[in-house]
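Please keep the sequence and the coordinates open while reading the numbered points.

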Amino acid sequence: MRRVRLAADIGGTFTDIALEAEGAEEVVTRWTAKVLTTPEAPERGVLEGVALALERAGLTAADVTLMIHGTTLATNALIERKGAKTALLTTEGFRDVLALGNESRYDQYDLNIDLPEPLVPRRWRLPVPERLDNTGRVLRPLDEAALRAHIPFLRAEGIEALAIGFLHGFVNPAHERRAAEILREEWPELPVSLASEVSPEMREWERFSTTVANAYVQPLMARYLGRLEAGLRAMGMGAPLFLMLSGGGLTTIETAARFPIRLVESGPAGGAIFSAHVARQRGLEKVLSFDMGGTTAKVCLIDGYAPQASRSFEVARVGRFKKGSGLPLRIPVIEMVEIGAGGGSLASVDAMGRIQVGPESAGAMPGPACYGRGGTRPAVTDANLALGRYDAASFAGGTLVLDAGAAARALDAHVGARLGLDAGMAALGVVEVVDENMANAARVHAIESGKSYEGRTIIAFGGGGPVHGYRVAEKIGVERILVPSGAGVGSAIGFLRAPVAYEVVRSLYTRFGRFDLSAVNALLAEMSAEAARTVAAGSFGAATTETRLAYMRYVGQGHEIAVPLPVRPLTEADVPALRAAYDAEYARFYDRPVPGSDVEVLSFAVTVSTVAEEVLPAAEVEDAPAPAPIRVQRVRDTATGELGDWPVYSRAAMRPGARVAGPCIVAEDETSTLVGPGWVCRMDGLGYLELMKERPA
Amino acid sequence: MSGLATIQRQIQWNRLIAVVEEQAQTMIRTAFSTTVREAGDLSAGIFDLEGRMMAQAVTGTPGHVNSMAESVGHFLKKFPVHTMRPGDHYITNDPWLGTGHLHDLTVVTPAFRNGRIVALFANTAHIIDIGGLGMGPEGRSVFEEGLYIPIVKCFDQGRPNETFFDFLRAGSRTPVELEGDVYSLCACNDAGAKRLVEMMDEYRMESLEPLAAFIFEASLRATEEAIAALPRGSYAAEIRSDGYEAPVTLRAAMTVEERRILVDFAGTSGLSTRGINVPPAYCRAYACFGIKCVVAPEIPNNWASLKPFEMAIPEGCILNAPRPYPVSVRHVIGQLLPDLMMGCLAQAVPERVNAEGSSALWNPPLRGGAQVSGQAAEVEDFEIITFNSGGTGARPAKDGLSGIAFPSGVRTMPVEATENVAPVVFWRKELRPDSAGAGRTRGGFGQIMEIGAKNDAEFAVNAIFDRVANPPRGRFGGLDGAPGWVGLDDPNGTVLRTKGFQIIPKGRRLVLKLPGGGGYGDPRERDPALVARDVADGLVSEEAARRLYGWAG
């Protein structure tokens, strides 16, 4: 049977579909579809898009052999507070862990900040007498009668989901398990999430927050997945359905229903996987994935074709994307930085006469001033138009005629007049500031990861990535940019490249000075078995690979560094080798190793994953003639402020091997690739645009 | 200046702020003391060659922020710019040249480009132990409070000053962490310097002077405009602290002029014999912070944006402690200063200020093992501090925040993490019902904490708590927050002193009830739905709801 694989990514505005079918001689053809998201019943948009893609491909639902799905549904439920009525049973004396957080304000000077409301109000955070110490020893036994006594209240309140989290429960889950058992006896239909299963790691606030969020989205996700599956079956699809996890792997519908919190960032994860695949096709070891859309930009470092992993994430930020203003989640995620910088981000001037851009966004309605839908404040898109980067008549394939006068008026009124600049220079200021914001986010991201931009390539996609890519590259010192094809549905294509994978994380405190080999080996074996079991459910016997990590730090330090472990039982001989690996890794981040300190391990992670498909290296292509420009635009260069005539080429008219020199623009329906002064652009054998900075001779 | 140059200056200013933020984040990631890495008790900034602060990390805590701004000038007096070499790092913990107590280390590092010095980076961090009596009010002079580090080189052209490190290690209960922290402070200044040089290369900047002038001009103008928008006049206020041996009155007269704000602390109580005295830089730091939050919160901190706030602090008052008066826990008084400033500003812009809050942190420094119990010790030696807070004052349009630090910018550490570094058990840490001052908007709730040693062993607390005899006051008809309480869990409810070293006997636990914030406006005007919510949440008792809010439920 030939393989027909389908991916659906539900985003905030659009639901994207990518379909790939093997034809004769294993040649794979791709079809895509984009339909509006249907927030009230998201499966409708998916079913509609799937039908459209199948029709374009001339296939039926029955032909599909695998379907992969990612959705922002869980994220939206958390942001809009539309999840289940959730209760939390927790250690007596600690019912306010979620409310107290880390007892701090995320903004020092703003007296009027709001902190995120806990997902569970205090009246549903119920104390249960019990207590373990940090080693898991019972200081106070579980009071089962007190626990049972809460149940009538929870029923009376109409609770729909329950989280259970006890202090140090990740070290010894006995109390949590017993509590769950009692609940199952008394109230079998109530979904229960245990902290020791959802996020078995130290730090009670983060663990309880993750567990509660899991419980909160669980009923909604279970219902949605049920409806979607039924809809697909009704279309005649018999193929298995997989879900995209925020960590970049795929999982079965059963695992997704148990741990729906692991689905939160699946769309952006797809984008990172897409970039990783492009990197692999082109053999690029060091990449920065740069995805700029309508409201935000996301940057993600990809080394050795693997996006960087992290275990902490914040969702539903209440304070203008500010770190610390959201709900903390401890789940495996692809590490990326998301900032409020997109085409719709609005510009203003602050009290010091400084241009500020974002995070406030014009959204789809009214949109930037140039959309002519009533917007009067200048957005990044207005600035790009005023700089001459867009042709008002052919934006978005000519589906939306832009109003250049409205853009100039908005820039004049809100930026230019305040600073004594004309609309063109005001536009330059707005674009330079947003490019600098993105470059700063990328710089911080690299520092936090202990990485550099030397020799790195940017993979730019999303509507804004190819427009702003070259200037961001100049600011961070990158000299090569790749603009792949299909960038408009990058996340959905990424889903098709993702492995079936599962990560298990467990805390086990151990010091190198007294390394407990047998305990560590027992734990790793158990984790490995769990990850393998979860993957086996969806891998259909495909070859798998396993990675193991230890999260280590100098005794007394606060932040851990991940060090790879061999995939086998550890021996005495491994201990000094690991210590040496840690010192080397630390020095890579911070230059100065610290003399005389012991090293401790806080937790371990085991990931089992199907092996990535072979990627054929891209063939070299002969140079081809450059196409004739389709027009010339008068563009202001943001680095020098000078106006010049930039030729515009049609991407569709370019052949592999064709080369055009900057300054110029390569236009396509979804976006434009700007080739700045001093850059050249060549189409490679895959049809991707490759921009290179020319070194002065 | 051309339009392009104006825009590029702005970009460079943004970059500078990103550079110092990176400096602060590097410190958090590499520091050893929990006070830095978990609590964020630190600050970082870049200075011009005259010692004027150009930019400062948003991350950090106000007491450090503004006092570190003064500190670099002191370094330059001892080590002039022309004597500095690449790879040099200078350090001090002098309370009068740094940030107000021996527990704060300040490190200054010159940044070089093409062999020429172009800027100075400085940072400050609160370390966990510096010897002496430990963090607490008991010292009668600064000499008892710990190891005193004058301004010295800790690295000379990249080589560690081993004599310095020998003294440092020998003088602390936690030598490894302390040495590691010094390395971390130096590393994060280096990280900042590296980024700065990259920016200067990109924009071909030979010197930072033009950028500094641009930043100072724009910041000064914006701050002056913000001041000009205030009603001019003189506003007086006072606030009371429990003090150590006697209550302390802090008094301020604030004069709002066209372009500056003057604060005169005449009438403030005299010095204490114990470590609650405040060095003047720390007084300026928190007073300035309190004014800035209200008047010009959006303007970034730098030399020029702090300049229009002038302080007259009379000699001999508790806010102008001279050397060698003890100053170890100067925060317990200093952190009341924003409330005092808001007491003045409430008369000028009532719709922009909060009611008083718990304000002074309720950090219990805990010690156990042989240093408390001698040979009878039943647990290993430990020395820890956690950073905890009561409720903040009600805001004009919003309730106060419950169990959240203000004005301090620190975070607390997870109980699970604390229990992993010391043999203690937190039996209770939750919100304290009926502690919020009632009002149209209410204060934030305090917390109740109950702490024991493992196996109920003997241990000690070096108390530094306030607002027990003098609870946070409400404003404009809002009621006071609940006062704090310090004691034992015994049946008699034994009360402990709010300040000083005290033993928690075997079998007993330390109980802390943290104050709630004051209310704002008449409680009877509060939205009944919000009263009902607090009742349902068990945070306001039905009795209190009826009595204070006229709740009919």
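1. In chain B, residues 24 or more positions apart account for 75% of the contacts with a separation of 6 or more. This is a predicted model, and the points below should be read with that in mind. Of the 553 residues of chain B, 63% count as buried.

2. The secondary structure of chain B comes to 14 helices and 19 strands. Its radius of gyration is 24 Å, close to the 24 Å that the globule rule gives for 553 residues, so chain B is as compact as a globular protein of that length. Taken along the principal axes, the C-alpha trace of chain B spans about 70 × 65 × 40 Å.

3. Which of its residues are buried? They are B:A545, B:L548 and B:Y549, and, seen down the axis of helix 14 of chain B, the buried residues fall within an arc of 90°, so they line one face of the helix.

4. Just after helix 14 of chain B, the backbone at B:G550 takes a positive phi of about 70°.

5. How many residues does each chain bring to the contact between chain A and chain B? Chain B gives 65 residues and chain A gives 60 residues. On the side of chain B that touches chain A, the elements that each supply at least two residues include helix 1 (3-30), helix 5 (175-202), helix 6 (209-228) and strand 14 (424-431) of chain B. Helix 1 of chain B provides the largest share of that side, with 13 residues. By residue type, the side of chain B that touches chain A divides into 29 nonpolar, 18 polar and 18 charged residues.

6. Turning to the other chain, the secondary structure of chain A comes to 16 helices and 35 strands. The radius of gyration of chain A is 26 Å, close to the 26 Å that the globule rule gives for 697 residues, so chain A is as compact as a globular protein of that length. The C-alpha atoms of chain A fill a box of roughly 80 × 65 × 60 Å along the principal axes. Buried residues make up 54% of the 697 residues in chain A, and residues 24 or more positions apart account for 67% of its contacts with a separation of 6 or more.

7. Chain A is divided into domain 1 (79-221), domain 2 (501-610) and domain 3 (631-692). The C-alpha centres of domain 1 of chain A and domain 3 of chain A lie 54 Å apart.

8. Why is helix 2 of chain A, residues 73-80, described as largely enclosed by the rest of the structure? The reason is that 6 of its 8 residues are buried, namely A:L73, A:A74, A:T75, A:N76, A:A77 and A:L78. What covers the buried residues of helix 2 of chain A includes strand 1 (4-10), helix 1 (42-57), strand 4 (66-71) and helix 7 (204-235) of chain A, together with strand 17 (313-315) and strand 18 (327-329) of chain A. Just after helix 2 of chain A, A:R81 takes a positive phi of about 55°.

Methods. Residues numbered from 1 in each chain as written. Chains lettered and ligands numbered in written order. Predicted model: local features only at pLDDT ≥ 70, side-chain atom pairs only at ≥ 80, totals over all residues. Domains from an automatic or database assignment. Buried ≥ 20, exposed ≤ 12 C-beta atoms within 10 Å, placed from the backbone. Helix = DSSP H or I, 4+ residues; strand = E, 2+ residues; numbered from the N terminus. Contact = placed C-beta atoms within 7 Å. Rg over C-alpha atoms; globule rule 2.2 N^0.38 Å. Arc of directions from axis to C-beta. Nonpolar A, V, L, I, M, F, W, Y, C, P; charged D, E, K, R; others polar.
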